[in-house]
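I opened this model to learn its layout. My notes follow the order in which I looked things up.

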Amino acid sequence: MQAQSTALDTLYPPLTAVGTPPPSGSCARLAGDFTDQATQQAVFDGDVDAPALVAAARRVCATCPVLRECRTYAEDSLDQFTFLAGRSAEERATGRRRATTTQHRRTIVGRMRAAGISSKEISFYTSYPLRSVEGDAAHLATAKAG
Ligand code: SF4
């Protein structure tokens, strides 16, 4: 008997992690400066954040043959716990927040520039640092030209 397709069949894939982490990564076995598997596993599981151990994990990731695939997985899956591709879950979340903030600022800067307002004035009115406003204006000009 063939199973009936339901609304859940459609909804489930977008709600689950995208794929699985690459199985052949360097962290699958004892690697780098780690001297025992349990400690290494705890760091990659996100349970330990001692700076020296996190630095050791970053070095393992830096030379991992599947770093690129792992980075893609880390961003697509929105994993909230695991140390992946050289970054902790918290670092990835901070990166996403920053990207959103930058996008929001660029939208505002773009609108004000289109209205003929200078970078200095935009900085004054919005309290955005002048350097950021000028960087956004240059980015928008490049995007428009390209
Ligand atoms: S990049 Fe890092 S976390 Fe990803 S598979 Fe390789 S060693 Fe593991």
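**Ground rules.** I am reading a predicted model, where local features need pLDDT of at least 70, side-chain atom pairs count only at pLDDT 80 or more, and totals for chains, interfaces and linings use all residues. I number residues from 1 along each chain as its sequence is written.

**Whole chain.** I looked up the secondary structure and found 7 helices and 0 strands. Helices here are DSSP runs of H or I with at least four residues, strands are E runs of at least two, and both are numbered from the N terminus. Along the sequence I read α-α-α-α-α-α-α. I then checked burial: 16% of the 146 residues are buried. Buried takes 20 or more other C-beta atoms within 10 Å of the residue's own, exposed 12 or fewer, and partly exposed lies in between, with C-beta atoms placed from the backbone. Next came contacts, meaning C-beta atoms, placed from the backbone, within 7 Å. Among contacts between residues at least 6 apart in sequence, 56% join residues at least 24 apart.

**Helix α5.** I compared its length with expectation, which is 1.5 Å times one less than the number of residues. The 26 residues of α5 (residues 89-114) should span 38 Å, and the end C-alpha atoms are 38 Å apart, so the two agree. I found 2 buried residues among the 26 of α5, so this helix is hardly covered. Just after α5, glycine 116 has a positive phi of about 85°.

**α5 against α7.** I took axes as lines fitted to C-alpha atoms over the stretch in contact, with angles from 0 to 180 degrees between N-to-C directions. The two axes come within 9 Å and cross at roughly 75°. α5 and α7 are therefore roughly perpendicular, a label for 65 to 115 degrees. From α5, the contact uses Arg105, Arg106, Val109, Gly110 and Arg113; from α7, Ser132, Val133, Asp136, Ala137, His139 and Leu140.

**Tyrosine 128.** I found this residue in the loop between α6 (119-126) and α7 (130-145). Tyrosine 128 counts as partly exposed because it has 17 C-beta neighbours inside 10 Å. Beyond four places in sequence, its contacts are Arg105, Ile122, Ser123 and Val133. Arginine 105 is 23 residues away in sequence and 8.2 Å away in space, C-alpha to C-alpha.

**Ligand.** I counted 14 residues around the ligand, the closest being Gly25, Cys27, Cys61, Cys64 and Cys70. The cut-off is a C-beta atom, placed from the backbone, within 6 Å. α3 (51-62) and α4 (67-77) each supply at least two shell residues.

Key
Contact = placed C-beta atoms within 7 Å. Parallel < 35°, antiparallel > 145°, perpendicular 65-115°, else oblique.
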